[in-house]
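Hi,

Here is the structure I promised to pass on.

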Amino acid sequence: MWSGLNEWLWQDRFWLPPNSSWADLEDRDGLVYAHPQDMLVALPLALALVAIRFIFERLVGLPLSRWLGVRDRARKPVKPNATLEKHFLTQRWKTKEAQMAVLAAQCGLTLKQTQHWFRRRQNQDRPCLTKKFCEASWRFVFYLCSFFGGLSVLYHESWLWKPAMCWDNYPNQPLKPALYCWYLLELSFYISLLMTLPFDVRRKDFKEQVAHHVVTITLITFSYSANLLRIGSLVLLLHDSADYLLEAGKMFNYAQQQRVCNSLFIVFSMIFFYTRLVLFPTQILYTTYYDSIANSGPFFGYYFFNSLLTLLQLLHVFWSFLVLRMLHSFTKKGQLENDIRSDMEESDSSEGEAAQECLRLKNGAAPGSGAAPADGPRSRAARQLPNGHMSAT
């Protein structure tokens, strides 16, 4: 059964253009071609990258965060409450006000006290700035090395400057060792990102991130197996060109160095819009839709590959919308209020009630509010009933 399924999956008509076969891509005369089984090396390499990341974040990222002055906010632990804790662990942030009112009655608390407890409990689970910084520093180093490494690999290749050359004598295109190493490293990195995604800082675009990683891994694997390395390498290089600037901007944002962060964000935005909304559709999508079948008819791999690239472009549009919102906020207020693009988790502004409590004066009035003390004569008079008795407090 397995052998039959394997034979059906690797039929020539699925992966290669008409009049081409796997026999054409067998190594011969000193020429080496891409083989699908080569991608299996990416799995242990992804595990190695996870281990390297763990070491990097502790030996490099953490000291660097301290050197740049990244400080974690001190958060007050909530008072233990078994009923609220059980509900929080099952419902998390989905608790509605009506449910909180029921919980408040069960625990002998007011609705406001229960809401305050949930907000503080949520804050305890939110990631600290140091963790965010370490994650961003790891991605920054990888994207930076990957971009300039990939640029050095492709700089002297004709298809970098003329994408139509990606289809010159396709699929009979020998594999170059440097391109293989770079391609394999990129695939391993995205697999490692998918593996660690549940443990990383959860972002507002979590679902889009999962979709992006799955699409990217599928694109890399399929393009390598179908010997589409030339066009695949252009897609990888185009994406890496802006990603390292994004991660650098996050790092300086966490370090409260807003001028550097703002400058990096502007540069990142320009490169992001140009590469994702101009170069990608006009150069990458155009050549895969039209130039790829100029000398041969369409086949299953043509439709599958272009569908994945189109889905990737839709993700580009989604993130472009987020970047535009950040730019709009930046032009109105002169600085970025939240983290860049997809890393805009909910802030700890819910700690505002605790901050207000700290600001209250000892006599019970907030500074400058002009409010009378809670137990003063005016307050007692307000609580006096028509029969002359005092209302219960």
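**What I found**

Trp2 sits in helix α1, which covers residues 2–9. (Helices here are DSSP runs of H or I with at least four residues, strands are runs of E with at least two, and both are numbered from the N terminus.) Trp2 is exposed, because its relative accessible area is 68%; the cut-offs are over 50% for exposed, under 20% for buried and partly exposed in between, with a 1.4 Å probe and protein chains only. Together with Leu5, Trp8 and Leu9, Trp2 makes a nonpolar patch on the surface, with about 500 Å² of accessible area in total. A patch takes residues with over 30% relative accessible area and no salt bridge, joining nonpolar side chains (Val, Leu, Ile, Met, Phe, Trp, Tyr) within 5 Å and like charges within 9 Å. The areas come from the Shrake-Rupley method with a 1.4 Å probe, and for residues only the protein chains shown count as cover.

Residues are numbered from 1 along each chain as its sequence is written, and side-chain values use heavy atoms, leaving out hydrogens and water.

The chain's average pLDDT (the predictor's confidence in each residue, from 0 to 100) is 80, and 80% of the residues score at least 70. Be careful with residues 340–393, where pLDDT stays under 50. Where pLDDT is low, the predicted coordinates should not be read in detail.

**The whole chain**

There are 15 helices and zero strands. Of the 393 residues, 44% are buried. The chain exposes about 21600 Å², with carbon and sulfur atoms supplying 62% of that. Now for contacts, meaning heavy atoms within 4.5 Å: taking those between residues at least 6 apart in sequence, 77% join residues at least 24 apart.

An unreviewed UniProt entry places "transmembrane region" features at residues 39–56, 140–157, 177–197, 260–280 and 300–324. UniProt positions are given in the numbering used here, feature names are shortened, and annotations may be inferred rather than shown by experiment. In the model, residues 39–56 are 83% helix and 0% strand, with their end C-alpha atoms 25 Å apart. For residues 140–157, the end C-alpha atoms lie 26 Å apart, and that span is 83% helix and 0% strand.

**Salt bridges**

How many salt bridges does the structure hold? The count is 10, where a salt bridge is a side-chain nitrogen of Lys or Arg within 4 Å of a carboxyl oxygen of Asp or Glu.

One of them pairs Glu57 with Arg53 at 2.7 Å, N to O. Both residues lie in helix α3 (residues 42–67), four residues apart, about one turn of the helix. Glu57 counts as buried because its relative accessibility is 11%, and Arg53 is buried too, at 8%.

Lys176 and Glu157 also meet in a salt bridge, at 2.8 Å, N to O. This pair links distant parts of the chain: Lys176 is in the loop between α8 (158–161) and α9 (177–196), Glu157 is in the loop between α7 and α8, and they are 19 residues apart. Lys176 is partly exposed at 43% relative accessibility, whereas Glu157 is buried at 13%.

Then there is Lys250 with Glu247, whose closest N and O atoms are 3.8 Å apart. Both sit in helix α11 (residues 229–254), three residues apart, about one turn of the helix. Lys250 is buried, with a relative accessible area of 0%, and Glu247 is buried at 3%. Salt bridges with shared partners join Arg53, Glu57, Arg58, Lys131, Glu135, Arg139, Asp200, Glu247 and Lys250 into one network.

Is Glu135 buried or exposed? Glu135 is buried, because its relative accessibility is 2%. Its helix is α7 (residues 129–154), and, not counting residues up to four places away in sequence, Glu135 touches Arg53, Glu57, Phe199, Asp200 and Val201.

Asn306 belongs to helix α13 (residues 300–333) and is buried at 3% relative accessibility. Leaving aside neighbours within four places in sequence, Asn306 is in contact with Thr288 and Tyr289. Asn306 and Leu285 are 21 residues apart in sequence and 7.5 Å apart in space, C-alpha to C-alpha.

Cheers
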